[in-house]
Amino acid sequence: MRDNTIKHTLENIYANKEVVINVVNYAMVQQMSLSSCEYSKDTDEFVKAGFTKLPSEKVKPFRVAESPVQMECKVRQVIETGTEGGAGNLVICEVLVMHINEAILNDKQQIDPNKIDLVSRMGGDFYCRASGPAIFEVEKPNTQLGIGIDALHTSIKNSTILSGNNLGQLANVHEMPVVDPAFTDDTLKNIIQYYSINPDEMEQELHRYAKILLDAGKVKEAWQILLAC
């Protein structure tokens with residue numbers, strides 16, 4: 001009973017808390033790291049880290065002017081993830097208002113991942129920079145369901161050439177593709193002409209070519225190659 005009372009008391013305390021989540025990009029990562037030092041309670045970490053204070057609109061805590069995106073939040077729940085070493089707390093917040101620097105937007109008024117140049121914390125002293133060649137796109141099924149890897153032909157599922165990622169690309173279409181009579185490809189013609197006397201070798205070559213297309217993001221074309229098997 002006492003533990004539950006303490007838990008509810010802590011939840012009530014946290015429920016009245018306000019925070020600002022300031023996303024960190026590469027341009028400020030060293031200052032951010034400096035601000036994580038265990039300074040005394042009377043030390044202003046904005047001053048220590050060289051950050052600029054910005055008054056918030058909905059909450060009391062200041063925002064970090066150097067951050068490209070600042071979210072003013074109300075703390076709704078704090079969940080303890082454990083009591084042993086390395087455990088922490090999961091803080092669930094409600095975003096009241098979000099401030100976005102227009103310099104990180106593209107021509108569609110969406111956040112450009114290369115312009116925002118975010119970093120992520122890894123283990124120890126390691127971080128990851130999310131920009132440049134580290135950024136790639138994965139098409140989402142959205143409202144239309146992908147057919148699934150289980151719907152692929154056995155020869156494709158058991159391919160020794162196509163990777164799991166390749167199978168995922170093929171299975172992400174919302175309906176099983178069919179042969180397109182208008183599709184033409186010189187490499188496909190050469191493979192069929194050269195390997196027509198040996199179906200097993202031809203299938204392997206078609207899989208190799210399909211993999212090249214898939215790795216280049218050409219899913220529709222890859223499907224046409226595989227349908228020729």
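Visitor: Which residues on the other side of α7 are exposed, and what makes them count as exposed?
Guide: Asp186, Gln193 and Tyr194. Exposed stands for over 50% relative accessible area, so these residues of α7 lie above that cut-off. Bear in mind that the model is predicted.

Visitor: And what makes a residue of α7 buried?
Guide: Buried takes under 20% relative accessible area. In helix α7, residues 186–195, that goes for Leu188, Ile191 and Tyr195.

Visitor: Why do you say the buried residues line one face of the helix?
Guide: Look down the axis of α7: the buried residues fall within an arc of 65°, so they line one face. As background, an α-helix has 3.6 residues a turn, so residues three or four places apart point the same way.

Visitor: What do the buried residues of α7 pack against?
Guide: Against α8 and α9. Contact takes heavy atoms within 4.5 Å.

Visitor: Which elements give two or more residues to the lining of the largest pocket?
Guide: The pocket holds about 860 Å³ of space, and those elements are α6 (164–170), α8 (199–215) and α9 (219–226). The most comes from α9, with 4 residues.

Visitor: How do the lining residues divide by kind?
Guide: Into 10 nonpolar, 9 polar and 6 charged.

How values were computed: Residues numbered from 1 in each chain as written. Predicted model: local features only at pLDDT ≥ 70, side-chain atom pairs only at ≥ 80, totals over all residues. Heavy atoms only, no water. 1 Å grid on protein atoms, 1.4 Å probe; cavity = no way out; pocket = protein on both sides within 12 Å on 5 of 7 lines; lining within 4 Å. Points joined across faces, edges and corners; volume = space filled by probe spheres on them. Nonpolar A, V, L, I, M, F, W, Y, C, P; charged D, E, K, R; others polar. Buried < 20%, exposed > 50% of the residue type's maximum accessible area, 1.4 Å probe, protein only. Arc of directions from axis to C-beta.
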